[in-house]
Amino acid sequence: TGILNLQLLVDLYSLVEIFQWFFVHRPRRLKVGNLERKTAVVCACTEVKKGEVDEKLKKFTPEQLDFLDSAYLLSKELFKQGKYAETIFELQKIFTLTPDYKNAKQINSLAKSGLAKMEELERKRLEELERKRRDQRIKEMVEKATEAVKNKESELAKGLFGQILKLDPENYEVTQLKLEIESWEADEKRKKEEEESSLAYYEP
């Protein structure tokens, strides 16, 4: 899943940090032709990066550095647990002191992406829950409308038809029930007209 991929990326960042530390603190020269020169270049580049990082961190006290490291490690752990909002909260503590600390920016971006995915899943869950509730209300009203049509309660049936169609404009059951009640009403009207006509015929 997308969330699992985000967590794998954080693990990858952790591996990068380990390799960076290795090359800085344990550089070795491989005496095999061009490999020696390539290794030297990698170590030199890493040394430059380490020097840049060290320069940025010089302004912090030992207590602040401990705070940064603790917040960073906690944010990584929270991310792995899928607690993205808490991850972002911890990273904000780091950003109040420095915008650049290890892979904090990358983890913050991934956490925001993970949080967005979780919010989207929650939105869909709530929509599905609301859909089921709406379908249940429609089902109950259709049952009442069916009973009203059966009992020839025309006004009650029509009122229920309106409520159902507000929730489900294309409800086919309402269409059938409307035809049934309208047919009954037409028959009743015709019978009444015939009776009135018959009475008028026999009047002196």
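Colleague: Is Glu128 buried, partly exposed or exposed?

Modeller: In this predicted model, Glu128 is partly exposed, because its relative accessible area is 33%. That value falls between the 20% limit for buried and the 50% limit for exposed.

Colleague: Which side chain does Glu128 meet in a salt bridge?

Modeller: The side chain of Glu128 meets that of Arg131, with an N to O distance of 2.5 Å. Arg131 counts as partly exposed as well, at 34% relative accessibility.

Colleague: How far apart are Arg131 and Glu128 in helix α5?

Modeller: They are 3 residues apart, so about one helical turn separates Arg131 from Glu128.

Colleague: And Glu127, what does its side chain pair with?

Modeller: Glu127 forms a salt bridge with Arg123, at 2.4 Å from N to O. Both residues belong to helix α5, which covers residues 104–150, and they lie 4 residues apart, about one turn of the helix. Glu127 is partly exposed at 45% relative accessibility, and Arg123 is partly exposed at 37%.

Colleague: How many salt bridges does the count come to?

Modeller: The count comes to 12. Another of these pairs Arg190 with Asp187, at 3.8 Å from N to O. The cut-off is 4 Å, so this pair qualifies.

Colleague: Where do Arg190 and Asp187 lie?

Modeller: Both are in helix α7, 3 residues apart, and are therefore separated by about one helical turn. Arg190 counts as partly exposed at 40% relative accessibility, and Asp187 does so at 32%.

Colleague: What share of the residues counts as buried?

Modeller: Of the 204 residues in the protein chain, 24% count as buried. The accessible surface of the chain is about 14700 Å², and carbon and sulfur atoms account for 57% of that surface.

Colleague: Among contacts between residues at least 6 apart in sequence, what percentage joins residues at least 24 apart?

Modeller: For the protein chain, that percentage is 59%.

Technical notes
Residues are numbered from 1 along each chain as its sequence is written. This is a predicted model: local features need pLDDT of at least 70, side-chain atom pairs count only at pLDDT 80 or more; totals for chains, interfaces and linings use all residues. Side-chain values use heavy atoms; hydrogens and water are left out. Buried means under 20% relative accessible area, exposed over 50%, partly exposed in between (1.4 Å probe, protein chains only). Contact means heavy atoms within 4.5 Å. Accessible areas come from the Shrake-Rupley method with a 1.4 Å probe; for residues, only the protein chains shown count as cover. Helices (H or I, at least four residues) and strands (E, at least two) are DSSP runs, numbered from the N terminus.
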